[in-house]
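Thanks for asking me to look this one over. Could you open the model beside these notes and follow along?

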Amino acid sequence: MKNLVNIKIILFAFMAIGLFSTMSCEDEKFDLTILPTHYDGIQNLDEEGVDCGGSSPNACPTCTDGIQNGDETGVDCGGSNCEECPIGTPRLDALTSSGLPYYFTFESDEAGLLLTTFSANQGVDISYGVENPDGTANDLVAQVIRPSDGRFGGFEDYKFSALGAPLDFSVYHKWTLEVFIPTGQDFSGALNPEVVLIFMDSNGNFWERWTEIPITVNESDFGSWVTLEFDGTDVVGANGVVMQDQTTYNTVGLRFGGGGHTESGVFYIKDLIPTTENFGGPSTTPRADALAGSGLPYYFTFEADDAGLVLEPFTVNADGSPYNQGVDISYGVENPDGTANDLVAQVIRPDDGRFGGFEDYKFQTLGTPIDFSVYHKWTMDVYIPTGQDFSGALNPEVVLILMDYNANFWERWTEIPITVDEANFGSWVTLEFDGTGRVGNNGVVLESQTTYTNISIRFGGGGHTETGTFYVKDLKPIE
């Protein structure tokens, strides 16, 4: 027992020497020195990182460990050390709720519904998921190179895999495709700026049973994206049957640059989509068409979900996941005042509190800030139906919100509210949102704001879950 006591005394003496080596008898102060460990939040000992690597039992995060760790923004991607995370397929994600039976966005080699890439050798050299040639960030498309090797006798088509069932052309005999033809290519010979949409049987002698719909891109559209509208209405196929009546076609193909030659050319493509729109008929967005020549840098008429310049409905989050609006909005509905052929949008402020009582409608974030030194005044037409109860939290107010759309965006925004007078219920009224001299919550007047990239609209007030119905059209700035 005496020996054990002596050992404890010796150990205590060593600890005292190690832990209190800077003790001064003169000032009776102690300097407690902490011994390095693998759990002290410091990179020390033989650690390769903070409390990891070396002889530590903890492995340091890497970009290949299959775990989202360190400062990674995804699994083994993003952050300060790993490669950027994949952009994903936001346009494909947006189409998932469209109800369309087939589509392909070319954001990747599997970015479609039912339409899948042909696994055999393609007639063209195609690269999926390349950067948009117009410089738009985070917008992946496909590059198509029409080869010069004549691998299929000058008919180097791109094909999708045969579908398990024929396409329904009784409804979907019209399709659109976005095409970008780079400038500087030589179209003076056999190569031409043509794209052909081909529908066919995948059986033997398919060329005897196909329908071709060709479109030539105008030279003035080179160097920019153009939407090709392939209208198969009453187009007669090689089998003598009009498109709407074809019941055996199960394959979709595309031809670039013409056929029967071996001249090379480069095309970019995105978003092959069937549609029931009325190509060539009366426009369904006449107000947007009229504004196209106005010189305004932004506008949105609400006649359709694409009835604007630059302004587009917010549909996809930054991570590519679908974004649900705070309100339930229906574009292109009949004007509630009975005016024929005048499409507007119906906005229902929901009662589900999906955004805590601030169920705003948002447009997509713009690539560059809005120039409020010129455009600090905006107008929008609003129709509030009669018979709604505004005695509680719901009120007949519309707020135009201009903001940064970064983290904590509510710290950097300017609100311009307007209350509609009860006397104007049941009729259209033009709201004039005048931001002249209006100070945002960052202390800056609207005319001097240089970072705002987002526009939102709030209907019926905020901070409550009472429902209400509004109709809107024609949001635009005025000088």
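1. A word on the basis. This is a predicted model, in which local features need pLDDT of at least 70 and side-chain atom pairs count only at pLDDT 80 or more, while totals for chains, interfaces and linings use all residues. Residues are numbered from 1 along each chain as its sequence is written, and side-chain values use heavy atoms, with hydrogens and water left out.

2. Let me start with an open sheet. Four strands make it up in the order E16-E21-E18-E19, with antiparallel pairing. Strands here are DSSP runs of E with at least two residues, and helices are runs of H or I with at least four, numbered from the N terminus; two strands pair if DSSP finds at least two bridges between them. Strand E16 (361–362) and strand E19 (413–419) are the edges; each has a single partner strand, so one side of each lacks a neighbour in the sheet. Inside the order, E18 (residues 397–403) and E21 (residues 454–459) run antiparallel and are joined by six bridges. One place to check is Ile401, whose bridge partner in E21 is Ser456.

3. Next, please look at E15. Five bridges join E14 to E15 in an antiparallel arrangement, and Glu334 has Leu343 in E15 as its bridge partner. Five of the seven residues of E15 are buried, so the strand is mostly covered (buried means under 20% relative accessible area, exposed over 50%, partly exposed in between, with a 1.4 Å probe and protein chains only).

4. On salt bridges, the structure holds 20, each being a side-chain nitrogen of Lys or Arg within 4 Å of a carboxyl oxygen of Asp or Glu. Asp342 and Arg287 form one of them, at 2.7 Å from N to O. This pair links distant parts of the chain, 55 residues apart: Asp342 lies in the loop between strand E14 (328–334) and strand E15 (343–349), and Arg287 in helix H3 (residues 286–291). Asp342 is buried at 12% relative accessibility, and Arg287 is buried at 16%.

5. Arg91 and Glu107 form another salt bridge, with their closest N and O atoms 3.9 Å apart. Arg91 sits in helix H2 (residues 90–95), and Glu107, 16 residues apart from it, in the loop between strand E1 (103–104) and strand E2 (112–113). Arg91 is buried at 16%, and Glu107 is buried at 3%.

6. Asp149 and Arg151 meet at 2.8 Å, N to O, in a salt bridge. Asp149 is partly exposed at 46% relative accessibility, and Arg151 is partly exposed at 31%.

7. Which residues does Thr301 touch? Leaving aside neighbours within four places in sequence, its contacts (heavy atoms within 4.5 Å) are Arg287, Ala288, Leu291, Ala307, Lys473 and Asp474. Thr301 lies in the loop between strand E12 (299–300) and strand E13 (308–309), and is buried at 0% relative accessibility.

8. Finally, the second largest pocket is lined by Tyr323, Phe355, Phe358, Asp360, Lys362, Tyr405, Phe409, Trp410, Trp413 and Arg458. By class, its lining has seven nonpolar, no polar and three charged residues.

Note on methods. On a 1 Å grid over the protein atoms alone, a cavity is a set of points where a 1.4 Å probe fits but cannot get out, and a pocket is an open set with protein on both sides within 12 Å along at least five of seven lines; lining residues have an atom within 4 Å of a point. Ala, Val, Leu, Ile, Met, Phe, Trp, Tyr, Cys and Pro count as nonpolar, Asp, Glu, Lys and Arg as charged, and the others, Gly among them, as polar.
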